[in-house]
Amino acid sequence: MKYLFQILINLFSICFLISCQFDSKNDLENEKIWFDTPAKVWEEALPLGNGRLGVMVFGDPKNERIQLNDDSLWPNDLEWDEPKGTPEDLNKIRTLLLNGESKLADSLLVEKFSNKTVIRSHQTLGDLFLKWDHNKISDYSRSLELNSAICKTSFKSEGYPINQKVFVSNPNQVIVVNIESAHPDGLNGIIKLNRPKDNGFETVKILSANNQIIMSGEITQKDGEFRSIKAPILNGVKFQTNLIASNIGGEIEPKNNELKVNNVKKLILYIVSNSNYYYKDFVSKNKKDLLNINNSSFEEIENFHFKDYQSLFKRVRLKINSDRNLESLTTSERLSRIKLGKIDNGLTKLLFDYGRYLLISSSRPKTLPANLQGIWNQHIKAPWNADYHLNINLQMNYWLANVTNLPELNFPFFDFVDRLIENGKITARKNFGMEGSFIPHATDLWAPTWLRAPTAYWGGSFGAGGWLMQHYWQHYEFTNDIDFLKNRAFPAIEQVVKFYNDWLIVDPRDQKLISTPSTSPENRYLNEHGEPVATCLGSAMDQQIIYEIFANYLKASEILNINTKLTSLIKFKIKELRDGFIIGKDGRILEWDKDYKEYEPGHRHMSHLYGFHPGTQITIRDQPRLFNAVRETLNHRLINGGAGTGWSRAWLINYAARLLDGEMALNHIQLLFKKSMYENLFDAHPPFQIDGNFGFTAGIAEMLIQSHEKSGIRILPAIPKAWKSGSVKGLIARGNVKVDLIWKNNKLIQATLLSNENKSTSIIYNNKIFKINLRADVPYYFNN
C-alpha cells in the first residue's frame, strides 16, 4: 500500500510539472521581439510574411516605411545556356589533375564549364510610405509577436494613443495595415506606393483613384551580367500591386498618384499583389483577391490569419529556465547584455522560435523555397543575387523543418529541386556526356543548372545534387511516407545517382573510385608550388556525399523492392569508393585527397565534415576514432579563426550538439549573439543571410533530441549546465515519433513518446540504451 501511495505521489508530481512546463499562456504573451525606438535601417525593421509576400515594418510614427516583397520577382529567363565545355574538355582537366597540374585544371574548369559572373537578382517589390502629421511623440513601442505573426507599433501623439497593426495573411493572400488614432484630429497624411529605380530607370507605373493605388511593373536588371560580360536584362516577371484604403471617420482622396488622408479615426489598408510567374492573368487574380477581402471583415481576416499561422507555430513549444525580468528590456538591450558576457536563455528560446516563425513566413506550399534572404530583400541587385546557393545555404534553410514538426514546409524545396532535376539532365548530357542529372552550387528562379562563378573555388562544385537528395531521404525517414518515397524521393535520387555513377573514375594511385575534378566549397589548398588552388582528385565532401546518396538509394530500392541493373552496379561501386574520412598525421580529417597545406586554415566552410553533420555516417558508438577526429578538425578550424559568419557559427552549434557537448554548443550560441546578429535578430553574414537563423533553430533542436543513430532516439544529448530546467513539446524523431521532454537540475524528469504505429525502438539517455515498445497513438512515458 505504501508503495502504491508513493507511485501516485510521483505521478501527481509529474503531472503537476507537465502542467507548469506547458502552461503556455504567459510564455506566448511574452514571445516577442520589441524596441522602444523606430527602425533607422532595414536591419532593424521587423519581418512578416505568408510564404509568398513579405514585408519589413520600420514603425516610424511620422514617416513610416513598410518595405514589400514578392518571392517571384526576378528578371527574365533569357536564352542563357550551358557553357561550351565538352566531355573531351573534362578528360583534359582530369589528365591535368592526375599529372599534378591543379592550377591549370582550375583555369580550364572555369574557362570551359562555367558561365562565370552572373548578375540576375531577386528584387524588392517596393515600399509603402505613410507620411503623418503626428507631433510630440511619446510612449513609443514596436514589437513582433511570434505567437500571432503580427507587428504592432504604438505611441502617443500630443498625448493621444495611436496604434498600428500589420500582418500578412496566408488564407486571404493580403498585406493588412490597421491604424487607429484617438487624437481629436484623427490621422492626417499621405499614403504612397513606390519602387526603386533600376540604374536610374523607372520600374513601375503608379495610379491612384478613389481610395485605391495601383502599382504596375516589370522586373529588369539594367546592370545584368552573364559570363562576366555586361548583359542588360530589359524585361522579366510582370506584376501588379493594388492598395485599397478603408476608413472610419474623415475622408480619403486621390492626389498626385497618392492618397491623402484627412481626419480619419481608423484606417485599414489592404494590399494584394500578384505576378505572371504564378498567374497568367495576374490582374484578374488581384481582383479576385480583393473581392474575397471585401466579403470579409477585418476581424474575420485577422482571425483566419491567426488560426492558419497558429496551426503551424504552436506545434512545438520550448521552455528554458530564464530570468523573466529581462523581458522588460528591449531586444537591443538584451543583445548588449550578451555582448558583455551575460547568458540569456530567454533570448535563446526566442531565437529558436524566430527560426520557426521565419520558415513559416517564407516557405508555404505552392510558393518558392526560402532563398538566401528568405523573402525579405530591399534591393534591385541583392548580395549574391539573393539566389539559391546549394553548397549549404538552401539546405540549411530546411534543416529545422522535419524535427520541429513543419514537414509540409519542405514542399517548396522539393518542387524547386524537382525542376532542377529536369534541367540538370540537359546539363549532364550536354557538358559532361553523362546520364542522370547534374546540379551546380548556385541557381535562381528559373532553375538553370550550369556552373557559375569566375573562379573554381567558388563555383567548381559537384556535390550539390547529392546534398539536396539528402533532404528527400530524410523527409521519408522522419515521416515514413512511403508514397513520397516512391513517387517523389526515389525518382529524384535515382537521377543524381545516375550522374555520379557516370562521373566517378578510377584513381590510379589506389584503384579506388573518386570524384574528379573535385573541390571543397569555397576553400583552397596550396599546391607543391605554393599556389592556392581548388580542384583535386576526390575531396572529402564529394566522397562522403556520393557514399551517402548511393547508400540511401540502395536502402530505398530495398524498401520499394526495386532490383535493376543500376542497383546492382551501385552495390558494387559503393564498395569501391575511396573513403571520405581519412585521418591525417595530426589527427584531423583530410579535406582534400592529400594532406596539403591549407591556404585558409580558419575557413568558414567545414565541408569535409559533411558526413558527420548534416550527414549521419559517424556516431560515437560506431566510429569513436572518427568521432574524436571530428573534434580535432573543428578545434583546428576554430583556433585559426573559423566560424566567422553567422551561418557558419550556426553550423558549429549543430556540430557541437552532435559531439554531445552542451558547453561547446552554448559557447557558439553566445558567439552567434555577440558577433553575427542584427538588432532585429536577423543573421549577419554580414550582410543579412537567413540561413544562420534557420541553422540556429536546427542546432537547438539537435541539442534536445537526436535520432540519426542506429541505436535509437537520443534525448537531451547536449544541454549545457546553464539550461538547468526546461521542457520541450512537439519535436519529431525519425520514424515519425513525437517527443516531449521535461528536465530539472539538468536531469530528465520525463520523456513522452508518441508514434502513429506499433514499433520497437530505443531511448538513449546518459549513454545508456533503453529498449521500448511503442503502441500506435498511445503515449509512452519514460522516467529515468
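This is a predicted model: local features need pLDDT of at least 70, side-chain atom pairs count only at pLDDT 80 or more; totals for chains, interfaces and linings use all residues.
Local features are reported where pLDDT is at least 70, side-chain atom pairs count only at pLDDT 80 or more, and totals for chains, interfaces and linings use all residues. Residues are numbered from 1 along each chain as its sequence is written, and side-chain values use heavy atoms, with hydrogens and water left out.

Rolling a probe the size of a water molecule over the atoms shows where empty space is left. Here the search runs on a 1 Å grid over the protein atoms alone: a cavity is a set of points where a 1.4 Å probe fits but cannot get out, while a pocket is an open set with protein on both sides within 12 Å along at least five of seven lines. Residues with an atom within 4 Å of a point count as lining. Grid points are joined across faces, edges and corners, and a volume is the space filled by probe spheres set on the points.

By this rule the model has 8 cavities of 30 Å³ or more. The largest cavity holds about 280 Å³. Its lining consists of 21 residues, and W399, Q474, F478, E702 and R734 lie nearest the centre. To describe where a lining comes from, helices (H or I, at least four residues) and strands (E, at least two) are taken as DSSP runs and numbered from the N terminus. At least two lining residues of the largest cavity come from each of α10 (399-403), α13 (464-479), α18 (646-658), α20 (691-704), β27 (705-706) and β29 (726-733). The largest share, 4 residues, is that of α13. By class, the lining of this cavity has 9 nonpolar, 9 polar and 3 charged residues; Ala, Val, Leu, Ile, Met, Phe, Trp, Tyr, Cys and Pro count as nonpolar, Asp, Glu, Lys and Arg as charged, and the others, Gly among them, as polar.

Next come the open spaces. The largest pocket has a volume of about 970 Å³. It is lined by 40 residues, with K555, T616, Q617, H708 and K710 closest to its centre. Two or more residues of this lining come from each of α13, α15 (540-559) and β32 (759-765). Helix α15 gives the largest share, 7 residues. The lining of the largest pocket comprises 11 nonpolar, 19 polar and 10 charged residues. The second largest pocket contains about 550 Å³. Among its 25 lining residues, W384, D387, H389, H441 and W458 are the closest to the centre. Its lining divides into 10 nonpolar, 9 polar and 6 charged residues.

Helix α11 (residues 411-432) can be checked for length. Buried residues (under 20% relative accessible area; exposed is over 50%, partly exposed in between; 1.4 Å probe, protein chains only) in α11 include P412, F413, F414, F416, V417, L420 and I421. G424, T427, A428, N431 and F432 of α11 are buried too. Just after α11, G433 takes a positive phi of about 65°.

Y354 sits in helix α8 (residues 345-362). Y354 counts as buried because its relative accessibility is 0%. Leaving out residues up to four places away in sequence, Y354 touches I33, P47, L144, L146, N680, L681, F682 and N693, with contact meaning heavy atoms within 4.5 Å.

Most residues other than glycine have a negative phi, and most peptide bonds are trans. A cis bond joins H613 and P614, with omega about 10°; P614 belongs to the loop between β26 (597-598) and α17 (624-639). The bond from P686 to P687 is also cis, with omega near 0°, and P687 lies in the loop between α19 (662-675) and α20.

S228, which is not a glycine, has a positive phi of about 65°. It is found in the loop between β13 (225-226) and β14 (229-230), and its relative accessible area of 36% makes S228 partly exposed. D777, in the loop between β33 (768-774) and β34 (780-782), has a positive phi near 65°. At 56% relative accessibility, D777 counts as exposed.
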